[in-house]
Amino acid sequence: MAISKLTITLFLLISLAVFHCLAFRVEVQEFEPPQQEGQEGHGGGSGEGWDEEATKNLYHFGQWSFKNFFQSQDGFVKILPKFTNRSSQLFRGIENYRFLFQEMQPNTFLVPHHLDADYIFLVLQGKGVIGFVTDKANESFQITKGDVVRVPSSVTHFFANTNDTVPLRLAKIAVPANVPGHFQVFFPAHSQFHQSYFTGFSKDVLKASFNIPEELLGGLIRGPQQQMGQGIIRRVSPVQIKELTEHATSPSNKHKDKKDKSTFGSPFNLLTQDAIYSNDFGHYHEAHPKRFSQLQDLDIAVGWVNMTKGSLFLPQYNSKTTFVTFVENGCARFEMASLYTFQGDQEQPWFGPGQEEEEEVEEEMSGQVHKIVSRVCKGEVFILPAGHPFAILSQDQNFVAVGFGIHASNSTRTFLAGQDNMLSNLNTVATRLSFGLGSKMAEKLFTSQNYSHFAPTTHSHQFPEKAKPSFQSIFNLAGF
């Protein structure tokens with residue numbers, strides 16, 4: 001009887017080993033599509049390093065790319081050059097948009113001004129006040145982290161950082177009204193480096209306009225003598241801070257009757273909106289122009305992504321929206337697939353130098369995919385063009401980025417991986433014919449991911465270890 005049980009046990013062990021070997025062999029054979037001669041991927045490499053970019057990365061703007069519009073010990077305003085300065089063809093669709101970054105030290109004031117441009121800003125850090133002034137209205141709003149504010153073109157406004165310890169940081173996207181890609185800032189009051197726009201008028205016009213004697217014109221044009229050495233961002237006293245905030249309205253507790261009378265459109269907080277994608281590995285909030293009237297005529301969406309350490313924002317693309325993405329915290333690897341080719345500093349998206357444009361169709365169908373890989377860190381910008389598949393991999397700390405989506409109204413976002421990815425809707429036959437896989441792997445290829453939108457990159461999170469059968473369980477089966 002003992003010999004019989006031992007024989008059964010050995011038979012079960014040998015059968016189990018043979019079964020696992022055969023299953024592994026079949027799965028490997030089904031997973032490997034047939035390779036055709038000369039079909040090696042263009043711009044290859046594993047993507048594990050930062051230096052594996054197949055082309056010069058025109059989509060990445062480092063901190064050195066910013067130009068100082070104004071800078072002092074009290075704060076600064078920085079601006080990226082026109083996107084078409086980097087690539088006249090590649091960024092033609094966003095030529096009329098400019099990205100700015102503003103930081104004000106605690107207890108400071110940015111003097112009244114207006115731009116010949118509409119712009120939207122997002123508060124990245126701190127709290128403060130923005131005041132709007134027209135010939136018919138004067139309204140102020142308290143602003144805090146996550147607030148989105150629309151500033152109409154040529155409306156005079158000012159800022160104050162009302163926090164005692166934390167800088168006020170803003171990310172902005174501007175849409176110039178006169179010259180594509182260019183705008184100017186107009187100041188009614190004189191400062192150290194910026195003249196009052198009243199200097200553009202003759203004394204006769206100013207005297208008649210304000211009905212004041214000529215000796216008072218100096219104060220209007222040049223400003224008080226004690227302010228001659230001050231910049232556009234200035235230190236203010238606690239008493240002045242209190243006066244600036246006294247009548248400012250908080251969007252979170254704004255009374256309905258006053259909300260209805262608001263001339264400029266109340267700020268709203270992006271982070272208090274429900275995240276459109278959320279799990280243990282990341283959250284993504286987005287304000288879309290179809291929902292928020294402040295964004296409609298500019299056709300711009302505003303997004304905020306927060307990813308945990310070592311997580312992945314799964315591969316996706318936007319149908320019509322190009323996102324200008326600014327990193328607020330941490331570092332991440334941006335990976336993107338592009339079919340545009342580059343030679344030196346000049347891009348050649350469809351046709352080469354000296355060639356005619358009728359070659360466009362042939363070049364467009366070349367099928368060469370370029371892998372764009374960049375390590376993007378705090379204070380840097382990355383462009384995600386419409387239609388380009390991309391993924392974001394957070395690195396050794398939590399990653400936070402914000403984005404302004406240009407041409408957002410009729411755009412859709414398509415995920416290429418995750419539980420609700422587009423490719424999982426391909427039927428089995430189409431998947432097998434397209435990817436050259438066996439029937440079992442064709443079924444599993446786009447349905448094996450356990451997460452949607454955000455996913456871990458570690459194997460233990462993706463595939464939790466299952467209990468392995470022990471020898472004791474085999475003996476139990478054999479009747480021991």
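Biologist: How many bridges join strand β16 to strand β17, and do they run parallel or antiparallel?

Modeller: Six bridges link β16 (residues 282-287) with β17 (residues 300-307), and the two run antiparallel. Strands here are DSSP runs of E with at least two residues, helices are runs of H or I with at least four, and both are numbered from the N terminus. Two strands count as paired if DSSP finds at least two bridges between them. This is a predicted model, where local features need pLDDT of at least 70, side-chain atom pairs count only at pLDDT 80 or more, and totals for chains, interfaces and linings use all residues. Residues are numbered from 1 along each chain as its sequence is written, and side-chain values use heavy atoms, with hydrogens and water left out.

Biologist: Which residue in β17 is the bridge partner of Gly 282?

Modeller: Met 307.

Biologist: And what's the strand order in the open sheet?

Modeller: Seven strands, in the order β1-β24-β19-β26-β17-β16-β15, with antiparallel pairing. β1 (60-61) and β15 (277-279) each have a single partner strand, so they stand at the edges and one side of each has no neighbour in the sheet.

Biologist: Let's look at β19. Is Thr 325 buried or exposed?

Modeller: Thr 325 sits in β19, residues 322-329. Its relative accessibility is 7%, so Thr 325 counts as buried. Buried is under 20% relative accessible area, exposed is over 50%, and partly exposed is in between, using a 1.4 Å probe and protein chains only.

Biologist: What is Thr 325 in contact with, leaving aside neighbours within four places in sequence?

Modeller: Its contacts (heavy atoms within 4.5 Å) include Phe 334, Glu 380, Phe 382 and Ala 401.

Biologist: Switching topic: how many disulfides does the structure hold?

Modeller: One, taking a disulfide as a pair of cysteine sulfur atoms within 2.5 Å. Cys 331 is joined to Cys 377, S to S 2.0 Å. Cys 331 is in strand β20 (residues 331-338) and Cys 377 in strand β23 (residues 370-377), so the pair ties together parts 46 residues apart in sequence.

Biologist: Why is that disulfide called right-handed?

Modeller: Because the torsion about the S-S bond of Cys 331 and Cys 377 is about 115°.

Biologist: Are those two cysteines buried or exposed?

Modeller: Cys 331 and Cys 377 are both buried.

Biologist: Last one: how many helices and strands does the protein chain have?

Modeller: 11 helices and 28 strands. Of the 480 residues in the protein chain, 45% are buried.
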